[in-house]
Amino acid sequence: MNGRGDRRGPREWGIDMTDLTRAAGRRWALLAAAGALVAGGIAPAAAAGAGQRDAGLPRAHDTTQAALDAIVAEGTPGALAAVRDGRARWRGDAGVADLATGEPRRDRDRFRVGSLTKTFTATVMLQLDAEGVLSLDDTVERWLPGVVRGNGNDGRRITVRRLLDHTSGIFNYNRDEGFLARFTGESFLDHRYDGATPEELVGIGLSHPPLFEPGTGWEYSDTNYILAGMVIERATGDDYASQVRQRILRPLHLRATSVPGTSAAVPRPHGRHYSRLYEEDPNAPVYDVTEFDPSVAGSAGQVISSTRDLNRFYAALLGGRLLPREQLREMLTTVPIEAEESGTGGAPAAAYGLGIRSDRLSCGVTVWGHGGQVPGSLTRAAATRDGRHVLTLNRNGDWGAQEGENAVLEAEFCG
């Protein structure tokens, strides 16, 4: 079994993808999620949606729409994108939201965003830093005494900042063999509603020795962001979901965005989420994996949103509406990602900040955002540094080449 078939570029856009090249089925997106079998080897029709352009948009989006169409032609059931460019808006779609009914994708569709959740988590943490509730240079031990200990792990030597920029060295819990045995392949059909507590997930990560000394390397790890969520709760005396709603969702009126906790449902309206369960065989059965307990992703990957809401979020964040200047500067202070982890064959140069990533496109434009993968859903958000030009893309299938997503960004930002 292989995680994403021919998808290349480990950790591209913040997705933990190293294990695609190391072993079959090694990704956190294989968490407990599955549903009814749709059909064996379904190849959805590549029905292209007509992109819709609002008045005042400064340029055509034919190439962006063509890149969406190509993703569906390659085998994804449906693709959806939305753009903010100053005061103008554009949306495009291709393929279908539901293989059974043929219903098209809609711009109001909600979907699981996976690791884009990390930008929400980091934003809350940086707001707390601005308010003096905590400091990025606080140790994890200060807020979670005795939690990060054992097997060479030591929370007294790891700061909050090192959690947020993935330089802590803490092992990624979703690479644990026991965890994978439950939540990869057809076994997750039996475990999709199991869920997990943050303490359980962190315990799995800490059962392994650190990958490197804190601050001496970079390794994408969801365990970092589970711990970050725990720090938020300890520092505020409130639950993680409530803090995200209070600090981000309500002020920005992100009505399509939710933090589901243990709820397995995706709020309506939504398309179906489809997976081949990461089988390498292109004729592998396709499953409807729309429902699962997202607590196995927690503050690292459980958020549900829409293209419109995500565009509004990243525009507000980069535009300085959510963080003071100093904290936004901290968020955008990056550490380099190793070349072999930035993609292959001329992929954009990449670096990681605090819950956000920068990529330099072929035309020299640098975009900021994140990417995420959960069963049945692939999402990317990218924006210019000032937040004026933003694109969010979602695919309702978790297989296919990453080059298709890169092509959408290249088409939109390079023209």
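Two strands pair if DSSP finds at least two bridges between them; strands (E, at least two residues) and helices (H or I, at least four) are DSSP runs numbered from the N terminus. This is a predicted model, in which local features need pLDDT of at least 70 and side-chain atom pairs count only at pLDDT 80 or more, while totals for chains, interfaces and linings use all residues. Residues are numbered from 1 along each chain as its sequence is written, and side-chain values use heavy atoms, with hydrogens and water left out.

**View 1. The protein chain as a whole.** The chain contains 13 helices and 16 strands. Of its 415 residues, 63% are buried (buried means under 20% relative accessible area, exposed over 50%, partly exposed in between; 1.4 Å probe, protein chains only). Taking contacts (heavy atoms within 4.5 Å) between residues at least 6 apart in sequence, 73% join residues at least 24 apart.

**View 2. Strands E11, E12 and E13.** Strand E11 (residues 335-336) pairs with strand E12 (residues 349-352) through two bridges, in the antiparallel sense. Within this pairing, Pro336 lies opposite Ala351 of E12. E12 is also paired with strand E13 (residues 357-360), again antiparallel, over four bridges. Four residues separate E12 from E13 in their hairpin, and Gly355 in the turn has a positive phi of about 75°.

View 3. Strand E14 (residues 366-374) is mostly covered, with eight of its nine residues buried. Towards E13, E14 runs antiparallel and is joined by four bridges, and Arg357 stands opposite Gly369 in E14. The hairpin of E13 and E14 has five residues between the strands, and Gly364 there takes a positive phi near 95°. Two residues lie between the strands in the hairpin of E14 and E15, where Gly376 has a positive phi near 85°.

**View 4. Packing of helices H1 and H13.** The axes of H1 (residues 62-73) and H13 (residues 403-414) come within 8 Å and cross at roughly 175°. Axes are lines fitted to C-alpha atoms, for helices over the stretch in contact, with angles from 0 to 180 degrees between N-to-C directions. H1 and H13 are therefore roughly antiparallel to each other (over 145 degrees; under 35 counts as roughly parallel, 65 to 115 as roughly perpendicular and the rest as oblique). On the H1 side, Thr63, Thr64, Ala67, Leu68 and Ile71 meet Gly404, Glu405, Ala407, Val408, Ala411 and Glu412 of H13. The residues of this contact divide into six nonpolar, three polar and two charged. Ala, Val, Leu, Ile, Met, Phe, Trp, Tyr, Cys and Pro count as nonpolar, Asp, Glu, Lys and Arg as charged, and the others, Gly among them, as polar.

**View 5. Packing of helices H2 and H8.** H2 (residues 117-130) and H8 (residues 222-236) pack at an angle of about 40°, and their axes are 10 Å apart. H2 supplies Lys118, Thr121, Ala122, Val124, Met125 and Leu128 to the contact, and H8 supplies Asp222, Tyr225, Ala228, Gly229, Val231, Ile232 and Thr236. By class, the contact of H2 with H8 has eight nonpolar, three polar and two charged residues.

**View 6. Gln327 in its surroundings.** Gln327 is located in helix H12 (residues 325-331). With a relative accessible area of 9%, Gln327 is buried. Apart from its neighbours within four places in sequence, Gln327 is in contact with Leu126, Asp129 and Ala130.

**View 7. The loop between H4 and H5.** Asn172 is in the loop between helix H4 (160-164) and helix H5 (177-183). Asn172 is buried, at a relative accessible area of 1%. The C-alpha atoms of Asn172 and Glu219 are separated by 8.6 Å, although these residues are 47 residues apart along the chain. His166 belongs to the loop between H4 and H5 as well; it is buried, with a relative accessible area of 0%. The phi of His166 is positive, about 60°, although His166 is not a glycine.

**View 8. The loop between H9 and E8.** Most residues other than glycine have a negative phi, and most peptide bonds are trans. Arg268 and Pro269 are joined by a cis peptide bond, with omega about 0°. Pro269 is in the loop between helix H9 (240-249) and strand E8 (274-275). His253 is also in the loop between H9 and E8, and its phi is positive, near 55°. His253 is partly exposed, with a relative accessible area of 46%.
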